[in-house]
Amino acid sequence: MKIIFITSGVLPVPAVQGGAVETLTDALASQNEIACNDFDFTFLTIESKNIKKQIKKLQQKNNHYHCIKIPKTILAMDKTAFWVMNNFFKLARAKKARFLFQRLFFIYKCHCYLKQNPYYDKIIIQNHPTLLLSVLGTSYRLSNQAYYYAHNEISHTFLHGKLLSQCKGIICVSGFLKNSIRDHFKNYLFKKQELIVIKNVVDTDLFKKFPDNRITKVRARFGYSKDDVVILFTGRLIPEKGIEPLIIAVNKLAMENPHIKLLIVGATSFALKVKPEFEKKLLKLTQNKPNIKFTGFIPNNQLPQYYNLSDIIALPSTGNEGAGLTMLEAVACKKPLITTTSGGIPEYISSENAILLNPGQGHLQNDLEHALKSLIYDKNKRNHLVNNLIQNSSLSSYSDYYADFISIFQNQ
């Protein structure tokens, strides 16, 4: 069976610039390459620096990549539009329009490719409903061949509803996301439409607990002593990730104890050079705070050392997460975790294995402060959470994830 993936049109596949969706797409590709079946994958992706070199290096036979180069004029139009909205109008959601023209161009080029190549059996649309527009006007039928792969909540617009209603199925990363889509688009979706849940996974060969002697060396390399308590945040620097109340909580705690450190791993949009007003606000909030460090974007294969050097991982998401990949990475590395009951997180993270805060009660900053304090000054509590993780948490593998994915199509 030939399956074509229409990726986001913002970040490339393979995931050389990061991205949770792109990393999971790489997982499907890697497993498809070693599987003994008749599935053939093609990925429509934007072209980026070194992407063709990376594709050539992979030397894959069951996977194919068609790279779409974005013209400089399109890039300039997006950059100008973002600058005006971010710096002139100072819109909080300016980043939403950062890749508007790029995505429209990508949709057009995907449409042209589908028209010229009518031999695929199924189409997977990745995480942005407007990408379904690329299928319209081709020989492909959305109702029989197209699946929308939802990793996040979808804006409730008429266009999105009409496009989703024409898909054969919608793949969701959590029961929360499935119910959200069904409830918000109930006037568009039909009973015959498949809504399928496939849980996210992480690479447990990559994300795992380091030996103690290696952790000591890594901490020393990053300038942390054995007396320091390192709190780690990983993810995009956007309001929905809860990074602002976390910084404020750590600042208050650090006034009493200079050994409390916060390491912030990530950027606003992965490896993309975008710095909206919110990120500038965070930089001001941490100005002259030597206990807080920003790393910027870190490639996926380097993240395990950051998880392992930390004492506590804080991922206080306030938005309705479909399913946070960073929480699973923390669990895989067997680290004490503070997160929230936001969205689909409780389907992945148990209250036995982590501290779960309710972000909807309006006092997340205070709750974070208390939760952090309880772990900073109680090493036994930290060890208890880690022991629970070792005994109770079982993470699915990439091969399980791939098996769940292709099972959708095996009887068709």
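In this predicted model, ring pairs join Phe5, Phe41, Phe43, Tyr65, Tyr147, Tyr149, Tyr402, Phe405 and Phe409 into a cluster. Across the whole structure, a search finds 16 aromatic pairs. Among these, Phe5 and Phe405 form a stacked pair, with the ring centres 5.8 Å apart and 25 degrees between the planes; the angle is counted as stacked because it falls under 30 degrees. The pair links distant parts of the chain, since Phe5 belongs to strand S1 (residues 2–6) whereas Phe405 belongs to helix H15 (residues 398–407), and the two positions are 400 residues apart. Phe5 has a relative accessibility of 0% and therefore counts as buried, and Phe405 is likewise buried, its relative accessible area being 0%.

A further pair within the cluster is formed by Phe41 and Phe43, whose ring centres are separated by 6.2 Å and whose planes stand at 90 degrees to each other, an edge-to-face arrangement. The angle is assigned to this class because it is over 60 degrees. Phe41 and Phe43 are both buried.

Conventions
Residues numbered from 1 in each chain as written. Predicted model: local features only at pLDDT ≥ 70, side-chain atom pairs only at ≥ 80, totals over all residues. Heavy atoms only, no water. Phe/Tyr/Trp six-rings, centres within 6.5 Å; stacked < 30°, edge-to-face > 60°. Helix = DSSP H or I, 4+ residues; strand = E, 2+ residues; numbered from the N terminus. Buried < 20%, exposed > 50% of the residue type's maximum accessible area, 1.4 Å probe, protein only.
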